[in-house]
Amino acid sequence: MIIFLLFICFWIGLSFRYQIIIFSICTVFINLLIFYRYRKKIGLIAVGLTIIGVGISYIKIDVKKESYSGIVIDSHPNYFLILSGGEKLYSYYKNNDYEIGDYLKITGQKEKLSFTTLESQFDFKDYLNKKGVYYSLSIKKIERKFSNPIRIRNRREKFLSHFDDKTKNLISALLFSDSEDDELISDAKELHIGRLINASGIFIHAYLHLFAFILSYFIKDKKWKFLPIVVLFPYLIFTFPRFTIIRIIVLKIFRYINEFFLKKRFSGLNIIGIVGFFFLLFDYHLGYQMSFIIGFTMPFFIKIIREAETYIKRRWKKPYELLLIYIFFIPFELKFYNGTNPLSLIANFILSPFFIFIAVISLLCFYGIPIYGIVNFSTKGLGNLLGWLAKVSFQINAPPFMGWMVFLFAFVFIAYCYYRSIGFIPIYKAIAAFFLVGLILYHLPIDNFISEEICFINVGQGDSCLIRKGTTSILLDTGGLAYTDLAKETLIPFLKKKRIYNIDLVITSHNDFDHSGALDSLKENFYVKRVKTNNDNFPISIGGITFINYNNHIAEYSDENDRSLVIGFSLMHKQFLMMGDATKMVEQNIINEYPSLDCDILKVGHHGSNTSTLKEFVHLVSPETAIISVGKNNKYGHPHKSVLKILEEENVKIRRTDIEGTITYSNYIFM
């Protein structure tokens with residue numbers, strides 16, 4: 001069981017490619033053990049089938065066709081997933097009314113998944129890949145051959161209509177894992193709570209215990225323990241395919257069978273290990289879901305933690321247990337929030353009962369008990385408490401653990417609990433000291449003090465560049481998109497991963513929205529010391545970096561792109577030249593006024609538009625590398641072919657944010 005636990009902890013930190021490889025190797029290894037142990041043909045057949053299956057999955061044989069029939073296995077307002085011929089396919093269909101269980105016939109084209117993913121934002125392609133979806137199906141014609149009589153989404157909407165807007169959003173998040181950001185949800189995120197309660201399904205267990213407690217007054221025969229599980233099935237139907245509910249029901253059924261038919265042959269942990277193993281055999285993609293990871297690792301860790309309490313005085317056992325559980329969740333905090341919040345331990349202790357209570361009484365409402373007013377009132381009280389705690393909370397910024405760090409974290413945690421449980425004082429104290437020092441050092445921005453870097457941030461069709469030397473941080477342009485708050489969704493999470501707590505200076509090259517649109521939100525939600533929005537007072541020196549503006553005729557121009565700053569500076573023994581949206585006319589003026597100007601890295605003007613990038617200008621500055629900040633599949637056709645041709649003819653290496661994502665150069669200050 002410990003091997004299974006360590007495997008899961010290691011699993012969550014690996015890239016998708018390596019997860020597939022490891023799963024394939026493990027499956028073949030298990031089948032070889034079967035063959036070796038029983039010396040039967042079944043083992044050899046299993047090995048052969050596994051190798052063939054893995055080989056086919058890597059070859060990815062794809063028979064092209066135009067018509068696909070399948071059952072809807074997941075449905076959302078703007079897309080759905082269908083299972084067609086054993087393959088899961090994604091289809092975008094705005095404002096669709098398809099439900100899980102509908103049988104559809106679709107005429108269309110199957111293509112590899114392709115989505116725009118900005119820095120630090122939700123990677124939808126990765127999300128679908130981890131659900132076993134690798135292709136999208138564009139729709140030319142669609143027919144519904146069978147309609148599921150249970151219209152799940154309509155039932156959900158009717159149920160949620162009984163609550164006020166704030167309560168509706170919370171209930172939708174808790175019961176159906178579906179919500180939009182509002183003040184209450186934002187405060188919960190600020191305190192790093194809510195998501196783990198949801199993924200672990202604690203409130204479902206609370207509901208089952210409540211139902212079993214009530215039932216015990218009417219039915220004394222313990223064999224009727226399965227009734228609470230049966231009652232949970234309607235909720236399963238309306239939340240399918242939410243794995244948290246499936247996991248809880250399957251585990252409850254196995255425990256019931258183990259207790260009444262197998263005479264408790266297996267321990268609770270053995271059941272968890274066996275069920276988890278068979279879930280992975282059924283669909284290894286489940287191993288990527290947070291509800292699987294938490295649901296199947298947390299019981300092991302709780303058992304280990306309680307063993308570690310052996311020599312703890314009784315009055316300190318509960319606080320000690322809560323502290324270790326908080327430490328257990330640190331990798332998840334880093335993954336979800338790019339940092340840890342010391343107050344989240346207290347917030348979870350205080351607020352978890354409120355969340356569980358609201359979820360349970362909401363579930364009672366779902367089953368027809370009309371206590372909507374109590375839910376609304378309770379949510380209002382929870383919102384007030386959340387708001388107060390959010391105001392005093394703070395976060396220690398740090399990036400998520402890498403795969404090997406997750407494994408090391410789990411190994412050291414288990415080692416500490418083991419030696420603590422047997423009272424081996426010298427060892428567990430040394431491990432605790434190593435563990436604590438390691439966590440503190442990981443959260444401290446030590447590397448920032450001795451390093452410098454420049455990051456061309458992937459903000460889609462726009463520009464934003466982080467320049468840092470030691471603890472001095474400068475942001476050149478903020479980007480800006482109409483459909484998302486780029487400051488909240490991209491810039492601030494990115495800064496947190498970089499362990500940055502404030503921006504010393506923001507310089508906007510000009511007033512176009514794609515260069516400065518996120519500025520207001522950034523100032524509102526992050527500490528910005530100073531903003532520079534015009535060409536006065538250049539050159540500017542800050543933190544050992546001097547910024548020079550080479551566009552000296554801004555006052556003479558009326559076109560906004562002509563008024564763009566052209567910023568040059570030196571960092572890491574390299575010369576950088578940032579062109580903003582400067583046009584060819586500006587470039588020609590620079591050629592005339594600075595005939596000896598050169599650079600190592602050129603940020604190409606106007607996202608690679610043919611309105612910028614004169615060949616003579618590129619020849620003059622002779623960069624080694626050209627950076628093009630551009631949105632994937634943008635409607636403007638950037639970068640233009642003529643610009644790429646000029647750069648290639650001048651032997652300039654081309655790097656693009658739409659292809660590579662965020663592009664980073666870094667070095668240590670003393671090198």
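Trainee: How many helices and strands are in the protein chain?
Mentor: This is a predicted model, so the counts describe a prediction. Both kinds of element occur in the chain. The tally is 27 helices and 22 strands.

Trainee: What share of the residues in the protein chain is buried?
Mentor: Buried means under 20% relative accessible area. The chain has 671 residues. Of these, the buried share is 51%.

Trainee: How much of the accessible surface belongs to carbon and sulfur atoms?
Mentor: Start with the total for the protein chain, about 33,500 Å². Carbon and sulfur atoms hold a share of that surface. Their share is 61%.

Trainee: What share of the contacts with a separation of 6 or more comes from residues 24 or more positions apart?
Mentor: Take the contacts in the protein chain with a separation of 6 or more. Then pick out those between residues 24 or more positions apart. They account for 69%.

Trainee: Is the pairing of β3 with β5 parallel or antiparallel?
Mentor: Strands of a sheet can pair in either sense, through backbone hydrogen bonds. Strand β3 covers residues 87–92, and strand β5 covers residues 133–146. Tyr-90 has Ser-136 in β5 as its bridge partner. The two strands share three bridges, and the sense is parallel.

Trainee: How many bridges pair β4 with β5?
Mentor: First look at β4, residues 103–112, which also pairs with β1, residues 67–76, in the antiparallel sense over five bridges. Leu-104 in β4 stands opposite Gly-70. Leu-104 also stands opposite Arg-144 in β5. β4 and β5 pair in the antiparallel sense too, and the number of bridges is 10.

Trainee: Is α6 roughly parallel or roughly perpendicular to α16?
Mentor: Two packed helices are described by the angle and the distance between their axes. The axes of α6 (residues 165–176) and α16 (residues 344–366) come within 10 Å and cross at roughly 85°. Angles of 65 to 115 degrees count as roughly perpendicular. Therefore α6 and α16 are roughly perpendicular.

Trainee: How many nonpolar residues are in the contact of α6 with α16?
Mentor: On the α6 side, the residues include Leu-170, Ile-171 and Phe-176. They meet a group in α16 that includes Phe-355, Ser-362 and Phe-366. By class, the contact has one polar and no charged residues, and the nonpolar count is 10.

Trainee: Which peptide bond has omega near -10°?
Mentor: Two cis bonds deserve a look. The bond from Phe-538 to Pro-539 is cis, with omega near 0°, and Pro-539 is in the loop between β14 and β15. Pro-639 is in the loop between β20 and α26. The cis bond with omega near -10° runs from His-638 to Pro-639.

Trainee: Does Ser-622 count as partly exposed or as exposed?
Mentor: Ser-622 is in the loop between α25 and β20. Its phi is near 40°, a positive value in a residue other than glycine. Its relative accessibility is 44%, so Ser-622 counts as partly exposed.

Trainee: Does Asn-633 count as buried or exposed?
Mentor: Asn-633 is in the loop between β20 and α26. Its phi is positive too, near 50°. At 66% relative accessibility, Asn-633 counts as exposed.

Methods. Residues are numbered from 1 along each chain as its sequence is written. This is a predicted model: local features need pLDDT of at least 70, side-chain atom pairs count only at pLDDT 80 or more; totals for chains, interfaces and linings use all residues. Side-chain values use heavy atoms; hydrogens and water are left out. Axes are lines fitted to C-alpha atoms, for helices over the stretch in contact, and angles run from 0 to 180 degrees between N-to-C directions. Helices (H or I, at least four residues) and strands (E, at least two) are DSSP runs, numbered from the N terminus. Angles under 35 degrees count as roughly parallel, over 145 as roughly antiparallel, 65 to 115 as roughly perpendicular and the rest as oblique. Contact means heavy atoms within 4.5 Å. Ala, Val, Leu, Ile, Met, Phe, Trp, Tyr, Cys and Pro count as nonpolar, Asp, Glu, Lys and Arg as charged, and the others, Gly among them, as polar. Two strands pair if DSSP finds at least two bridges between them. Buried means under 20% relative accessible area, exposed over 50%, partly exposed in between (1.4 Å probe, protein chains only). Accessible areas come from the Shrake-Rupley method with a 1.4 Å probe; for residues, only the protein chains shown count as cover.
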